[in-house]
Structure formats: structure tokens, C-alpha cells
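Welcome! Here is a short briefing to read alongside the sequence and the 3D view. Please take a look at both before going on.

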Amino acid sequence: MSAVRSQARRGLVSLTTSSSQIGQRLWQATSTTTNKYDVLSGSSRRQMPQSSRSFSCSANRSSSQQKQQQQQAPDMPSSRWYADLQARLGKCIIFGCSPVQVHRVAGVLGALTREWRSLSAGSEGFLQQGGLEGQAVVWGEMDSFQHVNNAAYIRYAEASRVNWVRYFANVNPAHADDWRDLMNPRGVGLIMKSIKADYKFPVVYPDRISVYHKLRSLPSESDTSLILDCMILSHKHRRIAARTEEDVVIYDYGAGKKATMPPFVLQTFRDTWERQEGETRRARLRIQELAREVETLEKETWNREDAVENLGAAGKAGS
């Protein structure tokens with residue numbers, strides 16, 4: 001019997017390592033039925049939270065609403081929340097699921113497949129705006145150690161930061177040229193003072209990455225610099241590959257000295273900060289929703305008094 005259980009555990013490991021593929025297959029196979037379970041908490045369909053909202057909507061929210069959202073934001077989820085939910089779903093499948101439960105498992109896996117980037121970034125306040133989205137890793141970016149060279153991550157962050165700043169030209173068209181000029185050596189611009197990289201695991205070719213930036217704190221009128229946080233996500237591993245901390249100085253090229261934020265930058269960054277706070281709350285609540293559904297499935301399958309592990313062909317062989 002110990003050999004049978006060992007074989008079952010190996011099956012669980014194999015299952016959880018490819019659970020996103022299982023989710024996609026289940027999702028395709030049951031697409032006509034699982035659309036009823038998008039909420040993952042019953043048979044009625046509700047609108048799922050969106051990973052991004054229009055910039056103007058958040059700007060119209062009152063300060064008191066934003067403060068309330070910040071107070072109600074759940075705690076930061078575990079850094080391994082994605083892998084943990086996959087493993088827990090795999091255990092539910094090992095013990096056997098009814099047809100309805102299969103649809104619900106497929107619903108959770110499908111949600112994880114679609115939303116992992118927005119939830120991983122959003123739970124920390126990163127907005128999917130500007131930055132780099134789905135950037136292909138180039139073979140030549142690897143070094144003699146057969147992984148992407150450390151310097152490449154700095155270039156990823158640099159390209160994302162430029163896109164992040166220039167994105168605001170679309171948000172604030174009245175100052176579109178001013179936003180673009182921030183990245184040029186004339187007038188008031190932004191200069192990198194220092195950058196610190198924290199490498200989580202090596203990325204190798206082939207892979208794709210997404211890179212996002214966020215404000216670390218609410219800007220004020222007297223600020224002459226700002227701290228930006230950056231995360232680099234690996235699509236293959238669906239986890240954070242690296243982080244950077246960037247100290248950016250506001251510099252007046254004409255006067256040759258530091259400057260405070262221009263009013264158009266200050267107001268836009270304040271609005272962005274509010275959106276970051278709202279996205280943090282939305283993403284963490286969504287992760288909690290998915291975790292509750294997984295917990296319910298566990299209680300309905302293996303985590304109940306009369307639960308019997310479904311060993312399939314392995315169980316028959318052991319008997």
C-alpha cells in the first residue's frame with residue numbers, strides 16, 4: 001500500500017506541475033458549461049473584476065473613498081499563492097471530483113491562467129499600464145552561465161520606465177508633449193540617480209516577460225525625486241523573476257539643478273497613487289475569492305470525514 005501511495009504522490013506532483021495545461025484542456029472541453037461558473041462561487045454568473053479601469057474613473061473618486069479602500073485592503077497574499085492554489089486543486093483532483101466539481105476546478109484554473117499577471121502585479125499595487133507586456137526573451141541575452149545576464153534586467157527596467165512615463169501623455173493629452181519631454185535632456189526631466197536589482201531566479205530562453213512600475217509613495221509638492229518600484233514577471237514560470245528599486249531625480253536642465261515636480265506631473269502621479277491603492281484592494285480580494293473556492297472544493301473532496309482517495313488504476317494494482 002505504501003508503494004501505491006508513493007505512486008499517487010508522484011502523480012500529484014506531475015499533475016500540479018502542469019496544472020495550467022490541465023486547466024486549459026478542461027476549460028476548452030467544458031466551455032459550454034463552465035461559463036456558468038466564472039464567479040467560482042455558485043451557478044449564477046456575475047461580472048468578473050477587470051484588471052484595468054479607465055484613468056478618469058479613479059480620478060473622479062473622492063479622497064474619502066480612496067482612504068476607505070486603503071483601510072479595507074486585505075493583507076498581502078503569500079508570494080507562492082499561485083503555485084499553492086494549483087497544488088491544492090491537484091490534490092482535489094487526485095481524490096476525485098464530481099462533474100460539477102470538475103467544472104468548478106476548471107473555472108479556478110481558467111481564472112488563474114487568465115488573471116495571473118494582473119493579480120500578481122495588482123496585489124502589490126502595480127498597474128498594467130505602459131511598461132513592457134509580453135516582451136520576448138532573446139537568445140543573445142543569455143550569458144556563458146546559460147541564463148539571462150544580470151545586466152539585461154536593468155535594460156528591461158529601463159525600457160519599462162520610459163514606456164511608463166510616456167504612457168501618461170495619452171492619459172493627460174493637454175500636456176502630452178511635456179510628458180514626452182521628461183525623457184529628453186531639455187527643460188525639466190527625469191534622471192536616474194541609482195538603481196538596485198534583486199534577482200529572484202534566472203530566466204532562460206525561450207520565455208516572455210512583463211515589466212511594470214509603480215510609485216512607492218504618494219508624491220508631494222516639495223519632492224525633488226521619486227522612488228519607483230519595478231517587477232519583472234516570467235511568463236513561463238508565472239512568478240517574479242526580479243525586482244528593481246529606482247531613485248529618480250527631477251532635474252531642471254536649464255538651471256542645472258534639482259527641481260520640484262511640475263504641477264501636471266504632481267496631479268497625475270497623485271491620481272496614479274489612488275489607482276494603485278484601489279488595484280491593490282481589488283487584486284487581493286480576487287485572490288481571496290479564488291482561495292475560498294479552492295477551500296470549498298477541498299472540504300467537498302479530500303478534506304471530509306468520509307473521504308476516500310481515488311487511486312484509479314494504481315489502487316486496483318495495489319489491491
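R208 is found in strand β3 (residues 208-215), where strands (E, at least two residues) and helices (H or I, at least four) are DSSP runs numbered from the N terminus. This is a predicted model, in which local features need pLDDT of at least 70 and side-chain atom pairs count only at pLDDT 80 or more, while totals for chains, interfaces and linings use all residues. Residues are numbered from 1 along each chain as its sequence is written, and side-chain values use heavy atoms, with hydrogens and water left out.

**Around R208**

- R208 counts as partly exposed, at 43% relative accessibility; buried means under 20% relative accessible area, exposed over 50%, and partly exposed in between (1.4 Å probe, protein chains only).
- Leaving aside neighbours within four places in sequence, R208 is in contact with G134, Q135, A136, V137, L233, S234, H235 and K236, contact being heavy atoms within 4.5 Å.
- From C-alpha to C-alpha, R208 and H237 are 9.7 Å apart in space, and they are 29 residues apart in sequence.

**Two buried residues in helices**

- R161 is found in helix α8 and is buried, with a relative accessible area of 11%.
- Beyond its neighbours within four places in sequence, R161 is in contact with M192, H213, L228, E246 and V248.
- C92 lies in helix α6 (residues 81-95), and its relative accessible area of 0% makes C92 buried.
- Apart from neighbours within four places in sequence, C92 is in contact with C97, L297, E298, T301 and W302.
- C92 and K299 are 207 residues apart in sequence, yet 9.2 Å apart in space, C-alpha to C-alpha.

**Aromatic rings**

- The structure holds twelve aromatic pairs; rings of Phe, Tyr and Trp (its six-membered ring) pair if their centres lie within 6.5 Å, and planes under 30 degrees apart count as stacked, over 60 as edge-to-face and the rest as tilted.
- W164 and F269 form a stacked pair, with 5.5 Å centre to centre and 25° between the planes.
- This pair links distant parts of the chain, with W164 in helix α8 (residues 150-171) and F269 in helix α10, 105 residues apart.
- W164 counts as buried at 1% relative accessibility, and F269 is buried too, with a relative accessible area of 2%.
- The rings of F168 and F269 have centres 5.6 Å apart and planes at 70°, so this pair is edge-to-face.
- F168, in helix α8, and F269, in helix α10, are 101 residues apart, so to speak a link between distant parts of the chain.
- F168 is buried, with a relative accessible area of 0%.
- Ring pairs link W164, Y167, F168, W179, F264 and F269 into a cluster.

**Helices α7 and α10**

- The axes of helix α7 (residues 99-122) and helix α10 (residues 263-300) come within 10 Å and cross at roughly 155°; axes are lines fitted to C-alpha atoms, for helices over the stretch in contact, and angles run from 0 to 180 degrees between N-to-C directions.
- α7 and α10 are therefore roughly antiparallel to each other, since angles over 145 degrees count as roughly antiparallel, under 35 as roughly parallel, 65 to 115 as roughly perpendicular and the rest as oblique.
- Residues of α7 that meet α10 include Q101, R104, V105 and V108, and those of α10 that meet α7 include E279, T280, R282 and A283.
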